[in-house]
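Please look over the sequence and the model below before reading the report that follows, which takes a few of its parts in turn.

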Amino acid sequence: MARQDFVFTSESVSEGHPDKVCDLISDSVLDAYLAADPQARVALETLVTTQKVVLAGEVRGPDHVLASLEEVARERIRQIGYEQSGFHWRDADVEVLVHGQSADIAQGVDAADDKAEGAGDQGIMFGYACRETDGLMPAPIYYSHRILADLAAARHDGRAAGLGPDSKSQVTVRYQNGAPVGAESIVLSTQHDEAMSSADVEALVRPYITDALPDGWISNETEFHINPTGRFVIGGPEGDTGLTGRKIIVDTYGGAAPHGGGAFSGKDPTKVDRSAAYASRYLAKNVVAAGLADKCTIQLSYAIGIAKPLSLYVDTQGTGQVDEAMLEKVLADIMDLTPQGIREHLSLNRPIYARTAAYGHFGRDPEADGGFSWEKTDLVGSLQRAVS
């Protein structure tokens, strides 16, 4: 029997965290290629350290985009807000080590007269949804993201002047009878100007934390740890090396649900590490939104070069209103889960990825241009009819 009374913690990191700087640059490169050619292929990693940016990977797309990658990286760093001596958008050394896609990989993925488009790699992908928040996400990660997203917006528009781009949050949520009811503890570490004291930082950020959480979640028993080291002036890549793909639990469900084998950022949607993880979330969210379960975990698996998924697994953790084996059959019928089918159903061959790289790939609102299309709940009616 599942525990009903417990505490659970998740963390988030801001757009200025060194690893997120890398995710944002990698996804900005992907967007540049998809804007020029919706069929472009990209598998790109970014590394950052003091005054240094390295782009490495393989691509297939227009040559003029390759020539622009240094500019793409500098502009993203400028937008994040790095203008410090140890990491400046204008002065950092940017090295581009990018080459053409392997012909061996391409022949496995590309469609041909006698072959459907195959998966870009083998792997397992998970999707999850639950009723804990309006976004059908686990509460700890949902509110950890919200705190940092709100602070970033305030920093960009001047309301939080004095804060730097690099920050981390962590929210421990108290559950009673299986439902989230309050904040047990909150940790926030944020880069700040040298002139600011710890008291100054806490006074500035506390209202944003309070506003990000549901009413009544903060009590006299809630523990706050604001900049617990006491000082956080040196931050970002000047203080720590960053690399694409190192924050996969931040990107997904904060540890409240499984994560598959791969990261997302810098990968075009032929890579099922990304597209099938989005499809899994899409299906799980629609199952919960349709009232068929209070929690839903979905796993998909693929083999490189093979179009059809090897498996589809559904687990509603004892909350389902219909048999899980039936849901597996219905979901396989209701959506084409081949790589091409996923890309077409969710319209993934668009430049919509830089916006996903910070503050979570899931639990966001679908956008008019197709961004976060996997957060739509447009399968609810079809699911309800199929199981009735």
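S12 (residues 295–302) and S7 pair in the antiparallel sense over 8 bridges, pairing being counted when DSSP finds at least two bridges between two strands. As a rule, strands of a sheet pair through backbone hydrogen bonds, either parallel or antiparallel.

The open sheet has 3 strands in the order S7-S12-S13, with antiparallel pairing. Its edge strands are S7 (123–130) and S13 (311–315), each of which pairs on one side only, and neighbouring strands are turned by 15° against each other on average, direction ignored. Helix H8 packs on the sheet and touches S7 and S12, its direction making about 30° with that of S7, while helix H9 (residues 324–334) touches S12 and S13, with its direction at about 135° to that of S13. Contact here means heavy atoms within 4.5 Å, and angles run from 0 to 180 degrees between N-to-C directions, with axes fitted to C-alpha atoms, for helices over the stretch in contact.

## The nonpolar core

The largest nonpolar core has 103 residues, and those with the most contacts inside it are Ile209, Tyr302, Leu337, Ile342 and Trp374. Such a core is a set of buried Ala, Val, Leu, Ile, Met, Phe, Trp, Tyr and Cys residues joined through side-chain atoms within 4.5 Å, and buried means under 20% relative accessible area, exposed over 50% and partly exposed in between, with a 1.4 Å probe and protein chains only. Helix H8 (residues 272–289) gives the most to this core, with 10 residues.

## Glutamate 184

Glutamate 184 is found in strand S9 (residues 179–192) and is partly exposed, with a relative accessible area of 34%. Leaving aside neighbours within four places in sequence, glutamate 184 is in contact with Val7, Thr172, Arg174, Glu221, Thr222 and Glu223.

Residues are numbered from 1 along each chain as its sequence is written, and side-chain values use heavy atoms, with hydrogens and water left out. Because the model is predicted, local features need pLDDT of at least 70 and side-chain atom pairs count only at pLDDT 80 or more, whereas totals for chains, interfaces and linings use all residues.

How values were computed:
Helix = DSSP H or I, 4+ residues; strand = E, 2+ residues; numbered from the N terminus.
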